[in-house]
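Thanks for making time this morning.

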Amino acid sequence: MNKNALACLLAFSIAAPSLAFADAPFGLTWGMSKAELEGQGVALSPEASGEGLESYSTDLLPIDLSNADFYLLYFGKDRGLQKVSMASDNISNDIYGTKGKEAYDRLKTALTEKYGDPIESFSTIGGKLWKDADEFYQCLAYDGCGIWASFFENKESNEFIGLELKGLNRGEGYLTLAYDGPEWGTVLSERDAETASQDSSAL
């Protein structure tokens, strides 16, 4: 499992907007419980727990994306599954980012066909330090140097998906794809309220 990707997905999941798609990806159902998912034969490994939010990783889901390395699933207290993130297999021996861009474009095209044009799309490189064409992934990995990402929204239902190509090392990167569930914003609000209550009790 790509530990760098795991850390990025965990961080992104806390900071992402509280929006959601009506249908869960990968053969899942929003609101399903951990027990229901395990009943379908999905093996879950715990990643984090606390403040009304639990996260688990798995290598396989009922319907897998062909280039997926692993998934992170987030369950809210009494609200079930409310967020799913995927990290792809590492893309390697790709100095100029050609393979990564092609894989990113395939997913972007599929998402656009299903959900419409992205509300925002970025393909910026060379803002800081790593400016040469053969430094594509170093730039993506360096804060403020570049971003290769698209975000999709359904304004009527307040839905959101984020797709991003990330850098690891020279010639090496990976893709992330994150979906919010219909009550993800509520889960985050409840988590923040519980944290505030615990902090108040500690004073």
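This is a predicted model: local features need pLDDT of at least 70, side-chain atom pairs count only at pLDDT 80 or more; totals for chains, interfaces and linings use all residues.

The buried residues of α3 are Gly100, Ala103, Tyr104, Leu107 and Leu111, where buried means under 20% relative accessible area and exposed over 50%, with partly exposed in between, using a 1.4 Å probe and protein chains only. They cover an arc of only 95 degrees around the axis, and therefore lie on the same side of α3, the arc being that of the directions from the helix axis to the C-beta atoms. On the other side of α3, Arg106 and Glu113 are exposed, and the helix is followed by Gly116, whose phi is positive, near 95 degrees. Helices here are DSSP runs of H or I with at least four residues, strands are runs of E with at least two, and both are numbered from the N terminus.

Residues are numbered from 1 along each chain as its sequence is written, and side-chain values use heavy atoms, with hydrogens and water left out.

Turning to the cysteines, the structure holds one disulfide, defined as a pair of cysteine sulfur atoms within 2.5 Å. It joins Cys139 to Cys145, with S to S at 2.1 Å, and because the torsion about the S-S bond is about -105 degrees, this disulfide is left-handed. Cys139 is buried, at a relative accessible area of 0%, and Cys145 also counts as buried, at 1% relative accessibility.
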